[in-house]
Amino acid sequence: MKVPAQFIRSWRSPLRGPWLTSVFAVALLAGIPLLFLTGLVSYTAYNPDLAPVNDMTPDKGVLGFYLFAWPTDPYWLYRVTQGVHVTLGVVLVPVLLAKLWSVVPKLFARPPVRSLGHALDRLSLLLLVGGALFEFVTGILNIQLNYIFPGSFYPLHFYGAWVFIGAFVAHVALRLPRTVQALRGRDFRAELRTPRARTVPEPPDTTGLVSRAPAPPTVSRRGALGMVGLGSVALFVVTAGQSIGGPVRGTALLAPHGRTPGSGPNAFQINKGVAATGVRARDIGPDWRLTVRGGGRETVLTREQLERLPRHRADLPIACVEGWSTSDQRWEGVRLVDLAALVGLGHAPPAVYVESVQRRGSFRAVALRDNQVRDPRSLLALRVNGAVLSPDHGHPARIIVPGAPGVMNTKWVRRLSFGESSWPV
Ligand SMILES: Nc1nc2c(c(=O)[nH]1)N[C@H]1C(S)=C(S)[C@@H](COP(=O)(O)O)O[C@H]1N2
Ligand SMILES: [Mo]
């Protein structure tokens, strides 16, 4: 397809140029590595390598080289790493869009390929821009609960992240000298003092970013930077509250779950309740039983029997992959260690496979690693904040583990299988 000449000439903003592009680039250079690292860390928190239950492609081949056993200390670990990941991702959206806007004329540069080097460069840009858009779009869809992708979010977002970061590293290596040079070409503070009337295009250059037929400015560079900056600040203000939790949650205007979870001991964020997961009343009623298996043994308990086991407390938050967290809640229940002891595995409890009564949908079952089982704060909780768990929070019994993603805290638990040899997967 041939792009008409007047279309190319229509990129006439007098603001475009290597300096402005470089300012946006520096902001992304500061943010993207942290976004990538918190993303990698978040993936580890799922224990993806722990048998093919938490993830369909458990060890991710060579890309799983960095996986490590997710610790239970500090107990707010995932709350912070995932809060940073999601909030930062949202906040960087205006910067990413501005950066793409600043270079968009290059997308239509003619001829499309000038040399082999140029072809490779454009291919890397395709991976860079495609990777960035893919990661931001899948991430935002996920936190807005739009699970429209084929297959699971995790492998898509994970592999996409590696493609993106590969292209990102190559791009930074190739463009850094040019970026440094461009930034030196103009004084940032002087630019912030320049009003629209005195805004002139950057000098003509070889990068192809500066318009060859610039229109008169409608906004200063200061105004453009301010708009992007304010956009990011505004997004921060309406997003961060969901990660902080508690009363601050009221500021999280973009939170998809609503902002006020009611009142009473069970009044904190619910992800999917009984209705959304299709849990039947009779499965969590008086006929409910807990099965504990492992070491070749099996024992079945009623809720009354469970109530009579030694009861412990732990103040722990729920921190979801979607970025929201609750403040610390006071959970009360039976230690996982004590449940392992029921089947003779109390001295060195192994990993456990936790199944809920749920018969369809995701998050029906997860595996917890031995270090999580052994933490004395890891409970099969029966009560929260002094009251019996509400059905939506997982009555008759739910898991709560320090430091772990919310999804590890299985609700409506039906069966605990200690030791991988007892796992039905
Ligand atoms: N059985 C079951 N347990 C589950 C879920 C689920 O859908 N089904 N959702 C998980 C997710 S993703 C989160 S974040 C937490 C939320 O717990 P809450 O709804 O009590 O806040 O529960 C986890 N436990
Ligand atoms: Mo979650």
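**Exercise 1.** In this predicted model, how are helices H4 and H8 oriented to each other? Work out the answer from their axes.

*Solution.* Helices H4 and H8 run roughly antiparallel to each other. For H4 (residues 93-107) and H8 (residues 221-239), the angle is about 155° and the axes are 8 Å apart. Angles over 145 degrees count as roughly antiparallel, so H4 and H8 fall in that class.

Next, identify the residues in contact. H4 contributes Pro-94, Val-95 and Ala-98, while H8 contributes Val-228, Gly-231, Ser-232 and Leu-235. Sorted by class, the contact has five nonpolar residues, two polar ones and no charged ones.

**Exercise 2.** Describe the surroundings of ligand 1.

*Solution.* Begin with the neighbours: ligand 1 is surrounded by 18 residues, and the closest are Gln-269, Gln-358, His-393, Arg-398 and Lys-411. Then look at polar side-chain atoms. One of Lys-411 lies 2.5 Å from an oxygen atom of the ligand, and one of Gln-358 lies 2.7 Å from a nitrogen atom of the ligand. In the side chain of Ser-356, an N or O atom is 3.4 Å from a nitrogen atom of ligand 1. Finally, consider cover: on its own ligand 1 has 530 Å² of accessible area, and the protein covers 99% of that.

**Exercise 3.** Where does Pro-74 lie, and which form does the peptide bond from Asp-73 take?

*Solution.* Pro-74 sits in the loop between helix H2 (18-44) and helix H3 (77-91). The bond from Asp-73 to Pro-74 has omega near -10° and is cis.

Terms used: Residues are numbered from 1 along each chain as its sequence is written. Chains are lettered from A and ligands numbered from 1 in the order in which they are written. This is a predicted model: local features need pLDDT of at least 70, side-chain atom pairs count only at pLDDT 80 or more; totals for chains, interfaces and linings use all residues. Side-chain values use heavy atoms; hydrogens and water are left out. Axes are lines fitted to C-alpha atoms, for helices over the stretch in contact, and angles run from 0 to 180 degrees between N-to-C directions. Helices (H or I, at least four residues) and strands (E, at least two) are DSSP runs, numbered from the N terminus. Angles under 35 degrees count as roughly parallel, over 145 as roughly antiparallel, 65 to 115 as roughly perpendicular and the rest as oblique. Contact means heavy atoms within 4.5 Å. Ala, Val, Leu, Ile, Met, Phe, Trp, Tyr, Cys and Pro count as nonpolar, Asp, Glu, Lys and Arg as charged, and the others, Gly among them, as polar. A residue is near a molecule or strand if one of its heavy atoms lies within 4 Å of it. A polar contact is a pair of N or O atoms within 3.5 Å; within protein, one must be able to donate a hydrogen and the other to accept it, and residues adjacent in sequence count only if both atoms are side-chain atoms. Accessible areas come from the Shrake-Rupley method with a 1.4 Å probe; for residues, only the protein chains shown count as cover.
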